[in-house]
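Let's take a friendly walk through a protein model together. Have a look at the sequence and the 3D picture first, and then read on.

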Amino acid sequence: MFDAEKVGAVLMDITPGLPETDNFQHWPPWRPLVVETARHVLDYTGGTLVIPMTVLVEQYWREISAGLDQHAIPVRHFVLHADRDTLIGRIEGEHPVPSPFRLEYLEPYAEAARAWLHAEAEVVDTTHLTAAEAASRIADAVKFGMGR
């Protein structure tokens, strides 16, 4: 499991800071660093790497997927989908204070889903699934070669 947000956290810790942004994915170094980190981890460990990350800008997804492809890293791209009301309920139910950042991305997610994201991935509708059930569906799809 490789959390690509940690690459963003490293970039946020650079002093003096990088140009102001509302999302570290907008920093050009983030995308190739995700690719290179994945490549080096796989070279070191082998096996399968799972990278949970929401990328809503098509150009950014193209850069990452092309970079992984350039290194012959196979990709099974899954999107965990839930309807808007379910997403709001899940976000509002997290931690003591819901994440305003996540709430701000509801409409960008819906737009990306309509425009390109769902066409680029295997969509798993999690509206009525627990996290464990969603993970099991993805694991079965990978294990048994189901989907694309």
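Helix 4 and helix 6 pack at an angle of about 145 degrees, and their axes are 11 Å apart. Here axes are lines fitted to C-alpha atoms, for helices over the stretch in contact, and angles run from 0 to 180 degrees between N-to-C directions. Helices (H or I, at least four residues) and strands (E, at least two) are DSSP runs, numbered from the N terminus. The crossing of helix 4 past helix 6 is right-handed, a word used when the near helix is turned clockwise from the far one by less than a right angle.

Which residues meet here? R84, L87, I88 and I91 come from helix 4, while L106, E107 and Y109 come from helix 6. This contact has 5 nonpolar residues, 2 charged ones and no polar ones. In that count, Ala, Val, Leu, Ile, Met, Phe, Trp, Tyr, Cys and Pro are nonpolar, Asp, Glu, Lys and Arg are charged, and the others, Gly among them, are polar.

## How the model was read

This is a predicted model, in which local features need pLDDT of at least 70 and side-chain atom pairs count only at pLDDT 80 or more, while totals for chains, interfaces and linings use all residues. Residues are numbered from 1 along each chain as its sequence is written, and side-chain values use heavy atoms, with hydrogens and water left out.

## A closer look at helix 6

Helix 6 bends by about 70 degrees at A113; the bend is the angle between axes fitted to the seven residues ending there and the seven starting there. A113 is also one of the buried residues of this helix, along with L106, Y109, A112, W116 and L117. Buried means under 20% relative accessible area, exposed over 50%, and partly exposed in between (1.4 Å probe, protein chains only).

What do these buried residues pack against? Their partners are helix 3, strand 1 (78–81), helix 4 (84–92) and helix 5 (100–104). H118 also sits in helix 6, but H118 is partly exposed, with a relative accessible area of 23%.

## The nonpolar cores

In soluble globular proteins, nonpolar side chains tend to be buried together. A nonpolar core is a set of buried Ala, Val, Leu, Ile, Met, Phe, Trp, Tyr and Cys residues joined through side-chain atoms within 4.5 Å. The largest one here has 26 residues, and W30, I64 and L117 touch the most other members. Helix 1 (5–12), helix 2 (30–45), helix 3 (58–70) and helix 6 (106–120) each give two or more residues to this core. Apart from it lies another core of 5 residues, including F78, V124, A134 and A141.

Is I64 buried or exposed? I64, found in helix 3, is buried, with a relative accessible area of 6%. Leaving aside neighbours within four places in sequence, I64 is in contact (heavy atoms within 4.5 Å) with W30, R31, V35 and V55. I64 and P32 are 32 residues apart in sequence, yet 6.8 Å apart in space, C-alpha to C-alpha.

## Stops along the loops

The loop between helix 1 and helix 2 holds P16, and the peptide bond from T15 to P16 is cis, with omega near -10 degrees. Further on, G46 lies in the loop between helix 2 and helix 3. G46 is partly exposed, with a relative accessible area of 31%.

A72 belongs to the loop between helix 3 and strand 1. A72 has a positive phi of about 55 degrees although it is not a glycine, and A72 is exposed, with a relative accessible area of 65%.
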